[in-house]
Amino acid sequence: MSEKTKSLRSPLGVARGLGSAKSGFEHWQLERITALMLIPTAFYLLIGFLNHVVAGGYSGAMYWLQSPLSATFALLFLLAGLRHLTCGLQVVMEDYIPKERIRLPLLFVVKFVIAAMAILGSLSIAKIFFGV
Amino acid sequence: MPAPTKMKARPRSPHLQIYKPQLSSVLSITHRVSGVGLTLGAVVFVAWLAALAGGAESYATFLSYAQSFLGQIILFGFSFAFLYHLCCGIRHLLWDAGYFLEIKDVYMTGKVMVPTVLVLLLIVWLKAYGVSL
């Protein structure tokens, strides 16, 4: 039972040895889950951006992001987007950088920078929302 | 016992430039390139949030960069990559779910997606320049 709750892979697929031998499935799945989260949040942000930010200047942008719904969507978009970006960049690097001793440190740098961006973005959204 | 023969260099599959570009391959590589390009888009988005959180003054500085010629070119690229990757990503998710996998459907969804992206891009930039729609 615990096996079942851990993964969405079918037992038959596992028994037949289908799919990734290592941790590829979780990576693949995470890329898709974040992609699904990005569809509604991206459209919401795009529409809000065009309606409030482009014409509204500083006060328009603040007013828009101080609504709880907008702040939630912005935070979801930020975090899902950066996680999706990490997944995608990792796949691209694995395709084009065969040398592991170059790829792994580079991947570490990418993940570190993206983590920093996630923190900066989250704190910014929080500061805008609470108006401090 | 014979000496081990030296391994001959194995043939390698030819890379992108040798193939005739087709709608399917061009849309696929554009998806990847736009995704990588959105790294810069993510930096712009976070910079925008940080500038806004910093107050009216830092936001004005951000806007002066964004409204410069180079800033507008970057934002145009960002908006294209954003809309393209969003629309093409929906197409990829539909494939993952098992739909539109026949070659004729691949072309059909591609031919629906490209004009959709261009129309959305036009709407975004008309709105950005204050045209009421």
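User: In which helix is A:Q29 found?

Analyst: A:Q29 sits in helix α3 of chain A. Helices here are DSSP runs of H or I with at least four residues, strands are E runs of at least two, and both are numbered from the N terminus. This is a predicted model, where local features need pLDDT of at least 70 and side-chain atom pairs count only at pLDDT 80 or more, while totals for chains, interfaces and linings use all residues. Residues are numbered from 1 along each chain as its sequence is written, and chains are lettered from A and ligands numbered from 1 in the order in which they are written.

User: Why does A:Q29 count as partly exposed?

Analyst: A residue is buried with 20 or more other C-beta atoms within 10 Å of its own, exposed with 12 or fewer, and partly exposed in between; C-beta atoms are placed from the backbone. A:Q29 has 14 C-beta neighbours inside 10 Å, so it counts as partly exposed.

User: What makes α4(A) roughly antiparallel to α5(A)?

Analyst: Their axes come within 10 Å and cross at roughly 175°. Axes are lines fitted to C-alpha atoms, for helices over the stretch in contact, and angles run from 0 to 180 degrees between N-to-C directions. Under 35 degrees counts as roughly parallel, over 145 as roughly antiparallel, 65 to 115 as roughly perpendicular and the rest as oblique. The crossing angle therefore makes α4(A) roughly antiparallel to α5(A).

User: Which classes of residue make up the contact of α4(A) with α5(A)?

Analyst: There are 17 nonpolar, 4 polar and 3 charged residues. Ala, Val, Leu, Ile, Met, Phe, Trp, Tyr, Cys and Pro count as nonpolar, Asp, Glu, Lys and Arg as charged, and the others, Gly among them, as polar.

User: How many residues link the two chains?

Analyst: 22 residues of chain B are in contact with 24 residues of chain A, where contact means C-beta atoms, placed from the backbone, within 7 Å. On the chain B side, α1(B) gives the most, with 11 residues. That side has 15 nonpolar, 4 polar and 3 charged residues.

User: What is in the largest nonpolar core?

Analyst: It has 36 residues, and A:L65, B:A42, B:L49 and B:L52 have the most contacts inside it. Such a core is a set of buried Ala, Val, Leu, Ile, Met, Phe, Trp, Tyr and Cys residues joined through C-beta atoms within 7 Å. Leaving aside neighbours within four places in sequence, B:A42 is in contact with A:G81, A:L82, A:L85 and A:M117.
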